[in-house]
Amino acid sequence: ISSFFCNATSLYIVNLSHNKFTGTFPQCLANSSFLGDLDLQMNKLHGTLPDTFLDLNTLNLNGNNFEGLLPKSLSKCSGLVDLDLGNNQFEDTFPNWLKNLSKLEILVLRGNNLYGHIANLKSEKIFASLIIFDISCNNFSGSLPKAYIQNFRAMKIVHDLQSPLSYIDTDVLGTGHTNEAYASSMVATIKRVSLPFTKIPNSFVIIDLSENKFEGEIPDVIGELHRLKSLNLSYNNLIGPIPHSLGNLTNLESLDLSSNMLDGNIPAELTNLNSLEVLNLSNNHLEGSIPQGKQFDTFSNDSYEGNMGLCGLPLSIQCNNVPLQQYPSSEAED
(Lines give C-alpha, C1' and ligand atoms only; values in the text may rest on other atoms or scores of the structure.)
Protein backbone atom coordinates (compact mmCIF):
# COMPACT_ATOMS: atom_id res chain seq x y z
CA ILE A 1 0.00 0.00 0.00
CA SER A 2 1.44 3.33 -1.09
CA SER A 3 3.15 5.57 1.45
CA PHE A 4 0.95 8.33 0.01
CA PHE A 5 -1.59 7.48 2.68
CA CYS A 6 0.95 8.23 5.40
CA ASN A 7 1.45 11.75 4.05
CA ALA A 8 -2.27 12.56 4.00
CA THR A 9 -3.23 14.25 7.25
CA SER A 10 -7.01 14.63 6.92
CA LEU A 11 -8.31 11.34 5.56
CA TYR A 12 -11.64 10.35 7.06
CA ILE A 13 -12.38 7.27 4.94
CA VAL A 14 -9.92 4.80 3.37
CA ASN A 15 -11.49 2.00 1.33
CA LEU A 16 -8.98 -0.20 -0.50
CA SER A 17 -11.09 -3.36 -0.33
CA HIS A 18 -11.33 -6.14 -2.92
CA ASN A 19 -7.91 -5.60 -4.50
CA LYS A 20 -4.60 -7.48 -4.55
CA PHE A 21 -2.61 -5.39 -2.11
CA THR A 22 0.20 -7.26 -0.40
CA GLY A 23 2.60 -6.49 2.43
CA THR A 24 1.90 -5.64 6.04
CA PHE A 25 -0.55 -3.28 7.71
CA PRO A 26 0.57 0.36 7.32
CA GLN A 27 1.52 1.59 10.79
CA CYS A 28 0.51 5.16 9.95
CA LEU A 29 -3.12 4.14 9.41
CA ALA A 30 -3.30 2.87 12.97
CA ASN A 31 -1.78 6.09 14.30
CA SER A 32 -4.09 8.48 12.42
CA SER A 33 -6.19 10.72 14.64
CA PHE A 34 -8.47 11.69 11.71
CA LEU A 35 -9.30 8.29 10.26
CA GLY A 36 -12.82 7.09 10.98
CA ASP A 37 -13.45 4.22 8.55
CA LEU A 38 -10.80 1.80 7.29
CA ASP A 39 -11.79 -1.00 4.90
CA LEU A 40 -9.03 -3.32 3.67
CA GLN A 41 -11.12 -6.48 3.27
CA MET A 42 -10.35 -9.06 0.59
CA ASN A 43 -6.68 -8.32 -0.11
CA LYS A 44 -3.48 -10.30 0.52
CA LEU A 45 -2.09 -8.43 3.49
CA HIS A 46 -0.23 -10.36 6.18
CA GLY A 47 1.70 -10.05 9.44
CA THR A 48 0.54 -8.76 12.81
CA LEU A 49 -1.51 -5.67 13.51
CA PRO A 50 -0.10 -2.62 15.34
CA ASP A 51 -1.65 -2.00 18.75
CA THR A 52 -1.98 1.77 18.38
CA PHE A 53 -5.53 2.29 17.10
CA LEU A 54 -7.10 5.56 18.24
CA ASP A 55 -10.80 6.09 17.51
CA LEU A 56 -12.04 4.20 14.47
CA ASN A 57 -15.72 3.78 13.64
CA THR A 58 -15.18 0.97 11.12
CA LEU A 59 -12.35 -1.54 10.80
CA ASN A 60 -12.86 -4.27 8.18
CA LEU A 61 -9.89 -6.58 7.53
CA ASN A 62 -11.89 -9.64 6.47
CA GLY A 63 -10.25 -12.04 4.01
CA ASN A 64 -6.54 -11.33 4.50
CA ASN A 65 -3.73 -13.29 6.16
CA PHE A 66 -3.23 -11.33 9.37
CA GLU A 67 -1.99 -13.33 12.35
CA GLY A 68 -1.00 -12.95 15.98
CA LEU A 69 -3.05 -11.30 18.71
CA LEU A 70 -6.11 -9.08 18.37
CA PRO A 71 -5.07 -5.45 19.11
CA LYS A 72 -6.39 -4.41 22.54
CA SER A 73 -6.13 -0.74 21.61
CA LEU A 74 -9.43 -1.24 19.76
CA SER A 75 -11.10 -1.16 23.19
CA LYS A 76 -10.28 2.58 23.28
CA CYS A 77 -12.21 3.21 20.05
CA SER A 78 -15.36 4.36 21.81
CA GLY A 79 -17.11 5.12 18.51
CA LEU A 80 -16.48 1.69 16.96
CA VAL A 81 -19.62 0.44 15.16
CA ASP A 82 -18.26 -2.22 12.78
CA LEU A 83 -15.37 -4.59 13.61
CA ASP A 84 -14.82 -7.34 11.05
CA LEU A 85 -11.62 -9.37 11.46
CA GLY A 86 -13.03 -12.54 9.92
CA ASN A 87 -11.23 -15.05 7.72
CA ASN A 88 -7.67 -14.35 8.83
CA GLN A 89 -5.23 -16.32 10.99
CA PHE A 90 -5.50 -14.52 14.33
CA GLU A 91 -4.65 -16.74 17.28
CA ASP A 92 -6.01 -15.41 20.55
CA THR A 93 -8.78 -15.81 23.12
CA PHE A 94 -12.14 -14.07 22.88
CA PRO A 95 -11.74 -10.26 23.16
CA ASN A 96 -13.75 -9.68 26.34
CA TRP A 97 -12.12 -6.25 26.48
CA LEU A 98 -14.50 -5.09 23.71
CA LYS A 99 -17.54 -5.61 25.93
CA ASN A 100 -18.10 -1.97 26.90
CA LEU A 101 -18.05 -0.49 23.39
CA SER A 102 -21.58 0.87 23.59
CA LYS A 103 -21.91 1.60 19.84
CA LEU A 104 -20.58 -1.71 18.48
CA GLU A 105 -23.22 -3.23 16.18
CA ILE A 106 -21.14 -5.68 14.11
CA LEU A 107 -18.59 -8.13 15.53
CA VAL A 108 -17.26 -10.69 13.02
CA LEU A 109 -14.38 -12.95 14.09
CA ARG A 110 -15.26 -16.02 12.01
CA GLY A 111 -12.64 -18.21 10.33
CA ASN A 112 -9.64 -17.61 12.59
CA ASN A 113 -7.70 -19.67 15.14
CA LEU A 114 -9.36 -18.19 18.21
CA TYR A 115 -9.75 -20.54 21.15
CA GLY A 116 -10.76 -21.05 24.78
CA HIS A 117 -13.84 -20.35 26.88
CA ILE A 118 -15.84 -17.14 26.60
CA ALA A 119 -16.04 -15.70 30.10
CA ASN A 120 -19.58 -15.17 31.35
CA LEU A 121 -18.96 -11.61 32.51
CA LYS A 122 -21.97 -9.98 34.15
CA SER A 123 -22.67 -6.39 33.18
CA GLU A 124 -25.69 -4.69 31.68
CA LYS A 125 -23.41 -2.84 29.25
CA ILE A 126 -22.02 -5.94 27.52
CA PHE A 127 -22.42 -5.54 23.74
CA ALA A 128 -25.66 -3.63 24.27
CA SER A 129 -25.91 -2.44 20.62
CA LEU A 130 -24.74 -5.64 18.91
CA ILE A 131 -26.98 -7.02 16.14
CA ILE A 132 -24.45 -9.15 14.20
CA PHE A 133 -22.39 -11.62 16.26
CA ASP A 134 -20.40 -14.07 14.12
CA ILE A 135 -17.61 -16.06 15.78
CA SER A 136 -18.07 -19.22 13.72
CA CYS A 137 -15.29 -21.50 12.44
CA ASN A 138 -12.91 -21.11 15.38
CA ASN A 139 -11.92 -23.30 18.34
CA PHE A 140 -14.01 -21.75 21.10
CA SER A 141 -15.03 -24.20 23.82
CA GLY A 142 -17.00 -24.36 27.05
CA SER A 143 -20.64 -23.36 27.39
CA LEU A 144 -22.41 -20.83 25.19
CA PRO A 145 -21.91 -17.26 26.51
CA LYS A 146 -25.27 -16.95 28.28
CA ALA A 147 -24.41 -13.71 30.10
CA TYR A 148 -23.53 -12.01 26.82
CA ILE A 149 -26.66 -13.27 25.06
CA GLN A 150 -28.74 -12.03 27.98
CA ASN A 151 -27.46 -8.50 27.41
CA PHE A 152 -27.85 -8.29 23.62
CA ARG A 153 -30.46 -5.60 24.18
CA ALA A 154 -30.54 -4.36 20.59
CA MET A 155 -31.51 -7.87 19.45
CA LYS A 156 -34.55 -7.88 21.74
CA ILE A 157 -36.34 -4.75 20.55
CA VAL A 158 -38.37 -5.05 17.35
CA HIS A 159 -38.84 -1.75 15.52
CA ASP A 160 -42.18 -2.15 13.77
CA LEU A 161 -41.96 1.18 12.00
CA GLN A 162 -38.34 0.86 10.91
CA SER A 163 -37.76 1.70 7.26
CA PRO A 164 -36.84 -1.34 5.13
CA LEU A 165 -34.21 0.91 3.50
CA SER A 166 -32.44 1.63 6.80
CA TYR A 167 -28.81 0.50 6.80
CA ILE A 168 -25.98 0.21 9.30
CA ASP A 169 -23.59 3.11 8.79
CA THR A 170 -21.19 5.35 10.67
CA ASP A 171 -21.06 9.10 10.88
CA VAL A 172 -17.30 9.57 10.66
CA LEU A 173 -17.38 13.33 10.96
CA GLY A 174 -19.69 13.53 13.94
CA THR A 175 -23.03 15.18 14.51
CA GLY A 176 -23.65 18.39 12.62
CA HIS A 177 -21.76 17.57 9.43
CA THR A 178 -23.58 17.07 6.15
CA ASN A 179 -21.18 14.51 4.70
CA GLU A 180 -22.68 11.12 3.93
CA ALA A 181 -22.10 8.41 6.49
CA TYR A 182 -20.02 5.37 5.54
CA ALA A 183 -22.09 2.25 4.83
CA SER A 184 -20.81 -0.99 6.36
CA SER A 185 -20.44 -4.09 4.18
CA MET A 186 -19.82 -7.78 4.86
CA VAL A 187 -20.12 -11.34 3.59
CA ALA A 188 -22.55 -13.40 5.65
CA THR A 189 -23.59 -17.04 5.51
CA ILE A 190 -27.35 -17.20 5.91
CA LYS A 191 -29.85 -19.82 4.79
CA ARG A 192 -26.87 -22.02 3.79
CA VAL A 193 -25.69 -19.45 1.24
CA SER A 194 -22.71 -17.08 1.40
CA LEU A 195 -24.02 -13.65 0.49
CA PRO A 196 -22.15 -10.36 0.01
CA PHE A 197 -23.85 -7.28 1.46
CA THR A 198 -22.57 -3.98 0.09
CA LYS A 199 -24.93 -2.37 2.59
CA ILE A 200 -26.20 -4.09 5.72
CA PRO A 201 -29.90 -3.57 6.57
CA ASN A 202 -30.62 -2.71 10.21
CA SER A 203 -33.13 -5.55 10.18
CA PHE A 204 -30.34 -8.07 9.43
CA VAL A 205 -29.84 -9.55 12.92
CA ILE A 206 -27.79 -12.75 13.17
CA ILE A 207 -25.94 -14.96 15.64
CA ASP A 208 -23.53 -17.53 14.18
CA LEU A 209 -21.58 -19.69 16.66
CA SER A 210 -21.24 -22.68 14.33
CA GLU A 211 -18.19 -24.89 13.83
CA ASN A 212 -16.65 -24.50 17.26
CA LYS A 213 -16.39 -26.80 20.28
CA PHE A 214 -19.15 -25.36 22.43
CA GLU A 215 -20.79 -27.80 24.82
CA GLY A 216 -23.63 -27.92 27.32
CA GLU A 217 -27.24 -26.89 26.71
CA ILE A 218 -28.71 -24.11 24.60
CA PRO A 219 -29.69 -21.32 27.04
CA ASP A 220 -33.37 -20.35 27.19
CA VAL A 221 -32.46 -16.65 27.03
CA ILE A 222 -31.91 -16.92 23.26
CA GLY A 223 -35.70 -16.93 23.03
CA GLU A 224 -35.70 -13.29 24.19
CA LEU A 225 -33.86 -12.06 21.08
CA HIS A 226 -37.01 -11.24 19.12
CA ARG A 227 -35.22 -9.40 16.27
CA LEU A 228 -33.15 -12.45 15.26
CA LYS A 229 -33.33 -13.33 11.56
CA SER A 230 -30.76 -16.14 11.62
CA LEU A 231 -29.46 -18.44 14.37
CA ASN A 232 -26.72 -20.95 13.59
CA LEU A 233 -25.35 -23.22 16.35
CA SER A 234 -24.42 -26.15 14.09
CA TYR A 235 -21.31 -28.32 14.34
CA ASN A 236 -20.70 -28.05 18.07
CA ASN A 237 -21.08 -30.48 20.98
CA LEU A 238 -24.35 -29.15 22.38
CA ILE A 239 -26.55 -31.49 24.40
CA GLY A 240 -29.99 -31.49 25.97
CA PRO A 241 -33.34 -30.50 24.50
CA ILE A 242 -34.18 -27.73 22.04
CA PRO A 243 -35.51 -24.89 24.25
CA HIS A 244 -39.25 -24.24 23.89
CA SER A 245 -38.42 -20.51 24.08
CA LEU A 246 -37.10 -20.59 20.51
CA GLY A 247 -40.76 -20.55 19.50
CA ASN A 248 -40.80 -16.87 20.53
CA LEU A 249 -38.40 -15.88 17.71
CA THR A 250 -41.17 -14.97 15.29
CA ASN A 251 -38.85 -12.98 12.99
CA LEU A 252 -36.52 -15.95 12.54
CA GLU A 253 -35.95 -16.96 8.90
CA SER A 254 -33.12 -19.48 9.32
CA LEU A 255 -32.49 -21.93 12.18
CA ASP A 256 -29.57 -24.37 12.04
CA LEU A 257 -28.93 -26.64 15.03
CA SER A 258 -27.48 -29.52 13.01
CA SER A 259 -24.54 -31.77 13.91
CA ASN A 260 -24.76 -31.58 17.68
CA MET A 261 -25.95 -34.08 20.30
CA LEU A 262 -29.35 -32.56 21.04
CA ASP A 263 -32.03 -34.95 22.32
CA GLY A 264 -35.68 -35.05 23.22
CA ASN A 265 -38.65 -33.96 21.11
CA ILE A 266 -38.85 -31.12 18.62
CA PRO A 267 -40.87 -28.45 20.51
CA ALA A 268 -44.32 -27.85 19.02
CA GLU A 269 -43.74 -24.13 19.71
CA LEU A 270 -41.44 -23.99 16.68
CA THR A 271 -44.53 -24.12 14.46
CA ASN A 272 -45.12 -20.50 15.59
CA LEU A 273 -42.16 -19.40 13.46
CA ASN A 274 -44.18 -18.21 10.48
CA SER A 275 -41.17 -16.55 8.81
CA LEU A 276 -38.95 -19.64 9.01
CA GLU A 277 -37.63 -20.50 5.56
CA VAL A 278 -34.68 -22.77 6.38
CA LEU A 279 -34.64 -25.39 9.15
CA ASN A 280 -31.80 -27.83 9.78
CA LEU A 281 -32.01 -30.18 12.78
CA SER A 282 -30.10 -33.02 11.12
CA ASN A 283 -27.52 -35.26 12.80
CA ASN A 284 -28.64 -35.03 16.42
CA HIS A 285 -30.36 -37.51 18.78
CA LEU A 286 -33.89 -36.11 18.49
CA GLU A 287 -36.87 -38.41 18.85
CA GLY A 288 -40.63 -38.52 18.72
CA SER A 289 -43.04 -37.12 16.13
CA ILE A 290 -42.18 -34.14 13.95
CA PRO A 291 -44.56 -31.20 14.56
CA GLN A 292 -47.03 -30.61 11.75
CA GLY A 293 -48.63 -27.51 10.27
CA LYS A 294 -47.66 -24.03 9.06
CA GLN A 295 -44.01 -23.73 7.98
CA PHE A 296 -43.25 -27.29 9.08
CA ASP A 297 -45.26 -28.53 6.11
CA THR A 298 -42.64 -26.97 3.80
CA PHE A 299 -39.49 -28.68 5.12
CA SER A 300 -38.03 -31.77 3.44
CA ASN A 301 -36.34 -34.91 4.75
CA ASP A 302 -32.88 -33.37 4.90
CA SER A 303 -34.03 -31.04 7.69
CA TYR A 304 -34.26 -34.10 9.96
CA GLU A 305 -31.88 -36.76 8.60
CA GLY A 306 -29.53 -38.44 11.05
CA ASN A 307 -32.07 -38.48 13.91
CA MET A 308 -32.93 -42.15 14.18
CA GLY A 309 -35.68 -41.57 16.75
CA LEU A 310 -37.80 -39.17 14.69
CA CYS A 311 -40.99 -40.20 12.92
CA GLY A 312 -43.83 -38.66 10.96
CA LEU A 313 -43.97 -36.53 7.83
CA PRO A 314 -41.95 -35.76 5.83
CA LEU A 315 -40.09 -38.93 6.88
CA SER A 316 -41.33 -42.28 5.63
CA ILE A 317 -41.25 -43.71 9.16
CA GLN A 318 -44.73 -43.66 10.67
CA CYS A 319 -45.28 -42.80 14.31
CA ASN A 320 -46.67 -45.84 16.08
CA ASN A 321 -45.85 -48.06 19.02
CA VAL A 322 -43.34 -50.19 17.12
CA PRO A 323 -39.84 -49.51 18.52
CA LEU A 324 -37.64 -47.92 15.90
CA GLN A 325 -34.88 -50.44 16.57
CA GLN A 326 -37.02 -53.12 14.89
CA TYR A 327 -36.67 -51.40 11.52
CA PRO A 328 -33.82 -52.59 9.33
CA SER A 329 -30.97 -50.07 9.33
CA SER A 330 -31.32 -49.34 5.61
CA GLU A 331 -34.99 -48.46 5.95
CA ALA A 332 -34.33 -46.22 8.94
CA GLU A 333 -31.72 -44.33 6.95
CA ASP A 334 -34.20 -43.83 4.14
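Mentor: A residue is called buried when its relative accessible area is under 20%, exposed when it is over 50%, and partly exposed in between (1.4 Å probe, protein chains only). This is a predicted model, in which local features need pLDDT of at least 70 and side-chain atom pairs count only at pLDDT 80 or more, while totals for chains, interfaces and linings use all residues. Residues are numbered from 1 along each chain as its sequence is written, and side-chain values use heavy atoms, with hydrogens and water left out.

Trainee: Why is Arg110 called buried?

Mentor: Its relative accessible area is 13%. Buried means under 20%, so the word applies to Arg110.

Trainee: What makes the contact of Arg110 and Asp134 a salt bridge?

Mentor: A salt bridge is a side-chain nitrogen of Lys or Arg within 4 Å of a carboxyl oxygen of Asp or Glu. For Arg110 and Asp134 the distance from N to O is 3.3 Å, so the pair meets the rule. Asp134 is buried, at 2% relative accessible area.

Trainee: Where in the chain do Arg110 and Asp134 lie?

Mentor: Helices (H or I, at least four residues) and strands (E, at least two) are DSSP runs, numbered from the N terminus. Arg110 is in the loop between strand E8 (106-108) and E9, and Asp134 is in strand E10 (residues 132-134). The two are 24 residues apart, and the pair links distant parts of the chain.

Trainee: Which residues are linked with Arg110 in a network of salt bridges?

Mentor: The network links Arg110, Asp134 and Asp208. Arg110 and Asp208 meet at 3.8 Å, N to O, which is within 4 Å, so this contact also counts as a salt bridge. Asp208 lies in strand E16 (residues 206-208) and Arg110 in the loop between E8 and E9, so the pair ties together parts that are 98 residues apart in sequence.

Trainee: What makes E19 and E21 paired strands?

Mentor: Two strands pair if DSSP finds at least two bridges between them. Strand E19 (residues 237-240) and E21 share 2 bridges, so they reach that limit, and their sense is parallel. Met261 in E21 is the bridge partner of Ile239.

Trainee: Why do E9 and E24 stand at the edges?

Mentor: The open sheet has 7 strands in the order E9-E11-E17-E19-E21-E23-E24, with parallel pairing. Strand E9 (115-117) and strand E24 (309-311) each have a single partner strand, so one side of each is left without a neighbour in the sheet.
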